[in-house]
Amino acid sequence: MVELNDLLGLPLDTNWISSPRRIANFETLPKAEYVKEAWEENPEIRAAEEAVEKARAGVAAAKTAYIPDITAFARHSYQDGVPFLVHNSAPSE
């Protein structure tokens, strides 16, 4: 009792009389409703969600920033005017 009185800022020798009364019409909500309300009302959770979203955007930007420099070149020629040359030619490098 002394600790409770100290916590409440009351004189340490204050006596408490407990009452057996209970609230008769107390409605409880489903657990999911309480969790939903806590997620919506807690600014720290919102800030954490925004930080995660910002990190995902940063990762996506970093992935698109690294695009490898790849160059491809192909050539194919066909001739039939000179009989001693090959008709189809493609570089074989």
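Trainee: So contact means heavy atoms within 4.5 Å. Going by that, among contacts in the protein chain between residues at least 6 apart in sequence, what percentage join residues at least 24 apart?

Mentor: It's 0%, counting those contacts between residues at least 6 apart. Keep in mind that this is a predicted model.

Trainee: OK, and how many helices and strands does the protein chain have?

Mentor: You'll find 3 helices and 2 strands. Going along the sequence, the order is α-α-α-β-β.

Trainee: What percentage of the residues in the protein chain are buried?

Mentor: Buried residues come to 1% of the 93 in the protein chain. As for surface, the chain exposes about 9,600 Å², and 59% of that is supplied by carbon and sulfur atoms.

Trainee: Let's pick a residue, say N5. Is N5 buried or exposed?

Mentor: N5 is buried, because its relative accessibility is 0% and the cut-off for buried is under 20%. You can find N5 in helix α1.

Trainee: Which residues does N5 touch, leaving out those up to four places away in sequence?

Mentor: With those left out, N5 touches L10, P11, L12, D13, T14 and W16.

Trainee: What about L4, how is that one placed?

Mentor: L4 also sits in helix α1. At a relative accessible area of 38%, L4 is partly exposed.

Trainee: And how many Å separate L4 and T14 in space, C-alpha to C-alpha?

Mentor: That C-alpha to C-alpha distance is 9.7 Å, for two residues that are 10 apart in sequence.

Trainee: Switching to the surface: which residues form the nonpolar patch?

Mentor: The patch is formed by M1, L4, L7, L8, L10 and W16. Together they have about 630 Å² of accessible area.

Trainee: Let's zoom in on L7 there. Why does L7 count as exposed?

Mentor: L7 has 71% relative accessibility, and exposed means over 50%, so L7 qualifies. Its place is in helix α1, which covers residues 2-8.

Trainee: Now charges. Which residues gather in the patch of negative charge?

Mentor: That surface patch brings together E33, E37, E40 and E41. One of them, E37, belongs to helix α2, residues 31-41. E37 is partly exposed, because its relative accessibility is 44%.

Trainee: How many salt bridges does the structure hold?

Mentor: There is 1 salt bridge in the structure. The side chains of E53 and R56 make it, at 3.9 Å from N to O.

Trainee: Where do E53 and R56 lie?

Mentor: Both are in helix α3, residues 43-65. They're 3 residues apart, about one turn of the helix.

Key:
Residues are numbered from 1 along each chain as its sequence is written. This is a predicted model: local features need pLDDT of at least 70, side-chain atom pairs count only at pLDDT 80 or more; totals for chains, interfaces and linings use all residues. Side-chain values use heavy atoms; hydrogens and water are left out. Patches are made of residues with over 30% relative accessible area and no salt bridge: like charges are joined within 9 Å, nonpolar side chains (Val, Leu, Ile, Met, Phe, Trp, Tyr) within 5 Å. Accessible areas come from the Shrake-Rupley method with a 1.4 Å probe; for residues, only the protein chains shown count as cover. A salt bridge is a side-chain nitrogen of Lys or Arg within 4 Å of a carboxyl oxygen of Asp or Glu. Helices (H or I, at least four residues) and strands (E, at least two) are DSSP runs, numbered from the N terminus. Buried means under 20% relative accessible area, exposed over 50%, partly exposed in between (1.4 Å probe, protein chains only). Lys and Arg count as positive and Asp and Glu as negative; His and the chain ends are not counted. The place of a charge is taken as NZ of Lys, CZ of Arg, CG of Asp or CD of Glu.
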